[in-house]
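Me: I have a structure open and would like to learn to read it. Can we go feature by feature?

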Amino acid sequence: MNANYTVAVLGLGAMGLPMATRLASRLSVHGYDIAEPRLKLASAAGIATFGSARAAAQGADALLLAVRNGEQLNEVLFGDAGVAPVLARGSVVILTSTVGTEAIPATVERLAENGVELVDAPLSGGPVRAGDGDLLIVVGATPSAREQAAPVLDLLASTLSIVGDNPGDGQALKTVNQLLCGVHIAAAAEALALADALGLDAAKTLSALEAGAAGSFMLSNRGPRILQAYADGGADVLSRLDIFVKDMGIVGKAARAAGLAAPVAAAAEQLYLLGQAQGLAAADDSAVIKVVAPARRHAG
C-alpha cells in the first residue's frame, strides 16, 4: 500500500464510492460528499471522510472529480467554496466525467495559475466495474501529469488509452464513443420493439441477435434491461436516461462546431429528449424503448 500518495475523491455516489473504495485498497483516500449516509459508507470502506470539499482536497497528490457538466466542474474548482486554492502545487485534477471539450481550455489555464495540471480522463463502465478496477479510461494529458496521476489511473483502469498529450483529447474521443453508445442503445430498443410488434419471443430474439452479425456490446449489455423496461419499476438504474440527454447534446454540439452532419446521432438524441419529457429522466437508459413503444404488445 502506497500510504504516501493521497487522492481526494469528491462525490461518493454510484461511481464515486466504488472508485474511492478501489483506490483505498492501495492508496490513502480522502472522501467528501454532501450526503451523510454516503460518508458513513465511505468511512466503513476505509476512506478518511471530511466535512468539506476543501478539507478533503487539502494536500492531496491528486483530486478525482466526477461532475455532471462544465458548469459544475467550474463551480467545484473555482466557485465560492471551490477547492482550487487549496490544491498542492504539482498535484493533478483527474476529470473522469464527460463534459465536452469546450470547458477544458479555461480550466487548464486557471489550474496552471496554482501550479496544478488537469488530467482529462473520461471513463466508461458502471459501478461494479469501477469497484473491480475494470474501467476503460481514455486520457488526454501532458506526460508529467500522466505520471503524477498514474497510481490512480492504473488502479481504476483495465484498459487505459492515452489519446493525446493535451487535456481535451480525452473529451474528444469520449464524445465519439458516446455517439456510438447512444445510437447503439436506441437502435437496440427499436429493434426489440419491432420484434415484440411482430409477435416474436423477446428473450429468444435477443439471444439469436447476440449470436449473429447484429450483436454488439450494447445489445448484450442493455438488451436484458430493455426487456425489463415494462415491468413495475423498470430495470435497475445502472445508467440514467438523462445522462444520454447530456452526452448526445455534447455530440451534437461537437458535430455542428466541426461542420459535420450527424443525422443518426440527432435522431437518437431526440428519443432521449422525448424520454426525459415523458418523465423517464431518472430511469435506466434502457427505458428508451418506452419512447418507441409506450406499451408492450405481447407478453412473454
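Reply: Start with a definition: two residues are in contact when heavy atoms lie within 4.5 Å. This is a predicted model. In this chain, residues 24 or more positions apart account for 66% of the contacts with a separation of 6 or more.

Me: How many helices and strands are there in the chain?

Reply: The chain has 13 helices and nine strands. Its radius of gyration is 20 Å, close to the 19 Å that the globule rule gives for 300 residues, so the chain is as compact as a globular protein of that length. Along the principal axes, the C-alpha atoms fill a box of roughly 60 × 45 × 35 Å.

Me: What share of the 300 residues counts as buried?

Reply: The cut-off for buried is under 20% relative accessible area. By that rule, 45% of the 300 residues count as buried. The chain exposes about 13700 Å². Carbon and sulfur atoms supply 55% of that area.

Me: Which residues touch the most other members of the largest nonpolar core?

Reply: A nonpolar core joins buried residues such as Val, Leu and Ile through side-chain atoms within 4.5 Å. The largest one here has 33 residues. Val7, Leu23, Leu64, Ile94, Val119, Ile137 and Val152 touch the most other members. Several elements each supply at least two residues, among them strand 1 (2–10), helix 1 (16–24) and strand 8 (135–140). Helix 7 gives the most, with six residues.

Me: What does Leu23 touch, beyond residues up to four places away in sequence?

Reply: Leu23 touches Val7, Val9, Val29, Leu64, Val152, Leu155 and Leu156. There is also a second, separate core of 28 residues. Ala188, Ile226, Val245 and Ala268 are included in that second core.

Me: Which residue caps the N-terminal end of helix 9?

Reply: Look for a side-chain oxygen by a backbone nitrogen. Asp201 is the cap. One of its side-chain oxygens lies 3.2 Å from the backbone nitrogen of Ala203.

Me: Is Thr175 buried or exposed?

Reply: Read the relative accessible area. For Thr175 it is 9%, so Thr175 is buried. Thr175 sits in helix 8 (residues 169–197). Leaving aside neighbours within four places in sequence, Thr175 is in contact with Ile250, Val251 and Ala254.

Me: And Pro294, buried or exposed?

Reply: Exposed means over 50% relative accessible area. Pro294 has 62% relative accessibility, so it counts as exposed. Pro294 is in the segment after helix 13 (289–292).

Me: Where does Ala229 lie, and what does it touch?

Reply: Ala229 lies in the loop between helix 10 and helix 11 (241–257). Ala229 is buried, with a relative accessible area of 4%. Not counting residues up to four places away in sequence, Ala229 touches Gly234, Ala235, Ser286, Ala287, Ile289 and Lys290.

Note on methods
Residues are numbered from 1 along each chain as its sequence is written. This is a predicted model: local features need pLDDT of at least 70, side-chain atom pairs count only at pLDDT 80 or more; totals for chains, interfaces and linings use all residues. Side-chain values use heavy atoms; hydrogens and water are left out. Helices (H or I, at least four residues) and strands (E, at least two) are DSSP runs, numbered from the N terminus. Buried means under 20% relative accessible area, exposed over 50%, partly exposed in between (1.4 Å probe, protein chains only). A polar contact is a pair of N or O atoms within 3.5 Å; within protein, one must be able to donate a hydrogen and the other to accept it, and residues adjacent in sequence count only if both atoms are side-chain atoms. The radius of gyration is taken over C-alpha atoms; the globule rule is 2.2 Å times the number of residues to the power 0.38. Accessible areas come from the Shrake-Rupley method with a 1.4 Å probe; for residues, only the protein chains shown count as cover.
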